[in-house]
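Hello,

Here is the structure I promised to pass on to you. Please open it alongside this message, and I will walk you through what turned up.

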Amino acid sequence: MNHQILQFIHSLSFDEIPENRKRELQFLIDHLSKKMRDSSLINLNFICTHNSRRSHFAQVWAQTLANYLEIGQITCYSGGTEATAVYQSVLTTLKNTGFDISVICAGQNPVYTVKFAADKPPLIIFSKEFDHPFNPNSFTAIMTCADADENCPFIPSAENRLKMTFEDPKVSDGTNAEEAIYQERSRQIATEIKYVFHQAKNKNS
């Protein structure tokens, strides 16, 4: 794995997560622990309204951390209730953390490869609806924003539907705080996913 990304992961502390938030995440920990115990393949689809910010942070960090924690059962995807484009500050934040990002298809909704390790296949990310053919037919839906949670009461292809919502960094767009807010949200998402995966794995050890 890229050394800079490893350093970032090692810097993440579970003490950064408030106790009430840890209680909120327990449903996801329990779900993943059971799936791991059953030796099931685990498709996680992180869903946010526009599939442009939080859901992509979550997809990238979840796949990276599944690799880091050696949880080979997990494959991560993302989607929205509508397609837009991956927001540039998400890409910039990930690049600054050490990810190697390339454009493989330009346009209004570009397609990117995201690599966390030279010897692992890259993630393919672009904005899409949650039921886009690129995503699996069956998955656990993880709602990363309250808006998507409220506006998607039923997702036909989801085996389970769980909440892991985050504040939208979009509130900082165009301000002097934009870079810092996106870095903060990326770190929060990475920390909480590391915690969830670590706890789920340890429940079965």
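**The largest pocket**

Helix H3 and the strands E2 and E5 each supply at least two residues to the lining of the largest pocket. Helices (H or I, at least four residues) and strands (E, at least two) are DSSP runs, numbered from the N terminus. A pocket is found on a 1 Å grid over the protein atoms alone, as an open set of points with protein on both sides within 12 Å along at least five of seven lines, and a lining residue has an atom within 4 Å of a point. About 250 Å³ of space lies in the largest pocket. Its lining has 17 residues, and the closest to the pocket's centre are Gln 63, Thr 75, Phe 116, Pro 121 and Leu 123. By class, that lining has 11 nonpolar, five polar and one charged residues. Here Ala, Val, Leu, Ile, Met, Phe, Trp, Tyr, Cys and Pro count as nonpolar, Asp, Glu, Lys and Arg as charged, and the others, Gly among them, as polar.

Two notes on the source. This is a predicted model, in which local features need pLDDT of at least 70 and side-chain atom pairs count only at pLDDT 80 or more, while totals for chains, interfaces and linings use all residues. Residues are numbered from 1 along each chain as its sequence is written, and side-chain values use heavy atoms, with hydrogens and water left out.

**The parallel sheet**

Four strands form an open sheet in the order E2-E1-E6-E7, with parallel pairing. Two strands pair if DSSP finds at least two bridges between them. At the edges are strand E2 (74–79) and strand E7 (158–163), each pairing on one side only. Neighbouring strands here are turned by 25° against each other on average, direction ignored; axes are lines fitted to C-alpha atoms, for helices over the stretch in contact, and angles run from 0 to 180 degrees between N-to-C directions.

Strand E1 (residues 42–47) runs parallel to strand E6 (residues 139–143), and four bridges join them. Phe 46 has Ile 142 of E6 as its bridge partner. Helix H2 (residues 19–37) packs on this sheet and touches E1, E2, E6 and E7, with its direction at about 150° to that of E7. Contact means heavy atoms within 4.5 Å. Helix H3 (residues 54–68) also packs on the sheet, touching E1 and E2, and its direction makes about 175° with that of E2.

How many of the residues of E6 are buried? Five of its five residues are, where buried means under 20% relative accessible area, exposed over 50% and partly exposed in between (1.4 Å probe, protein chains only). Phe 139, Ala 141 and Met 143 point one way from E6, while Thr 140 and Ile 142 point the other way.

**A cavity**

A search of the whole structure finds one cavity of 30 Å³ or more, a cavity being a set of points where a 1.4 Å probe fits but cannot get out.

**The antiparallel sheet**

Three strands make an open sheet in the order E3-E4-E5, with antiparallel pairing. E3 and E5 stand at the edges with a single partner strand each, so one side of each is left without a neighbour in the sheet. Neighbouring strands of this sheet are turned by 30° against each other on average, direction ignored. Five bridges hold the antiparallel pairing of E3 and E4, and Val 103 has Tyr 112 of E4 as its bridge partner. H3 packs on this sheet too, touching E4 and E5, and its direction makes about 175° with that of E5.

Happy exploring!

Note on methods:
Grid points are joined across faces, edges and corners, and a volume is the space filled by probe spheres set on the points.
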